[in-house]
Amino acid sequence: MRILFSYLLLASLLLPSVRAQGTRDLGDVTIATASKTIPISVSSSNAELNRLVNFAFEAHGAFRRVAGGALYTVQFTPVGTTQVKVDVLRGGSPALSQVVSGTTTRNALFRAADVAVKAMSGLNGIFADQLTFISERTGKPEVYTGDLFFGGVKQLTSDRTQAMTPRWSPDGTKILYTSYFRTGFPDIFLIDLNTLQRSNFVSFKGTNSSARFSPDGQRVAMVLSGEGNPEIYVSNAQGKGVARLTRTSAVEASPSFSPDGSRLVFTSDSAGGPQLYVMSSRGGSASRLPTNISGYCAEPDWSWADPNKIAFTMRIGSGFQIGLFDMSTRTAATQVSKAPVDAVEPAWLGDGRHLVFTARAANTRSIWILDTVSGKATRLSGNELGKVSQANVLRP
């Protein structure tokens, strides 16, 4: 029989304590307004597409929607059921006209909006990114998928038990997650999205959690405690050839690969409290990142779009906010969120500028998008999904 004590200790790192907060809606939260924005006018002849694309650009943070004096005028026109035409004018002169395809009209719209973002700002688009996440809509935490703006939501599991940390494979065909399904103990499962079949990925004695694919999809990092202590392990993409990387008396948690797959960032309390460490994904010694901002730094996510950026959850005062560490300078981390409730569980979007996070109060969970440059934060998930948390991102 497996012992749950080490898992409870591990969970205390993954899920920091909740402050006694109200359940009010946060509204848009902005902590910095000094960054320049591009004045634009955005519209579509289709009322629903018009609503969607205006909300998307409003949430971005690099653009400012204006009624007059726009630098760019952007028009989206549906073409059939899976295509959208995007026209961009600059000062009244055509700058871009392109028909963009997608899986649905909605998906084509977001892909077309990403084309417009690139044309107007040089930034990579994020609107067509996909999410997997945990929702408690049914009363139990289950695994779901949907687009960035929570359209096309699908429930993937009906475990009716604790499910956590769903993570995409880079090609979008699989999802790894941890569940107490069948055994009553935390095991790692894999969902094949082509067949919707689920298989047991790893089930060792102790706890099996925090599984995450490498950027090339060939390896998986995870936390196992079968040898007595929660440690970082790596396997192949089939859960075979499991190799132990860390050997400490501390609790390790939340491994995340670097963009080239050569390194891992993870949480360890070997210094007395949770802090961030980096080591080779092939093994060896680990070094502590000099975040120098909080005695509690956990849940790191390494941006695959910008190898210098690591986002993480940090304790600030009596609550939690999102921090950002720059590997290029290796100076003290900065606080990039300022939500009136806890901001936890950051996950990078595909441009290296935006991330999604869980806004958490005493009785609510919701997913928000954060522009780490301007500080603008906007709620994405609706009340119909109940408590929503632990989002992970798939880049198209």
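Modeller: Leaving aside neighbours within four places in sequence, Arg219 is in contact (heavy atoms within 4.5 Å) with Arg212, Phe213, Ser214, Val234, Ser235, Asn236, Ala237, Phe257, Gly261, Ser281 and Arg282. The model is predicted, so local features need pLDDT of at least 70 and side-chain atom pairs count only at pLDDT 80 or more, whereas totals for chains, interfaces and linings use all residues. Residues are numbered from 1 along each chain as its sequence is written, and side-chain values use heavy atoms, without hydrogens or water.

Arg219 belongs to strand S14, residues 219-224; strands are DSSP runs of E, at least two residues, numbered from the N terminus. Arg219 is buried but has no salt bridge. Buried means under 20% relative accessible area, exposed over 50%, and partly exposed in between, with a 1.4 Å probe and protein chains only. A salt bridge requires a side-chain nitrogen of Lys or Arg within 4 Å of a carboxyl oxygen of Asp or Glu. The nearest side chain of opposite charge, Asp216, is 5.2 Å from Arg219; Lys and Arg count as positive, Asp and Glu as negative, and His and the chain ends are not counted. The side chain of Arg219 does make a polar contact of 3.0 Å with that of Ser281; such a contact is a pair of N or O atoms within 3.5 Å, one able to donate a hydrogen and the other to accept it, and residues adjacent in sequence count only if both atoms are side-chain atoms.

Elsewhere, the structure holds twelve salt bridges. One joins Arg244 and Glu231, with the closest N and O atoms 3.1 Å apart. Arg244 lies in strand S16 and Glu231 in strand S15, so this pair ties together parts 13 residues apart in sequence. Glu231 is buried at 0%, whereas Arg244 is partly exposed at 22%.

Definitions and conventions:
Helix = DSSP H or I, 4+ residues; strand = E, 2+ residues; numbered from the N terminus.
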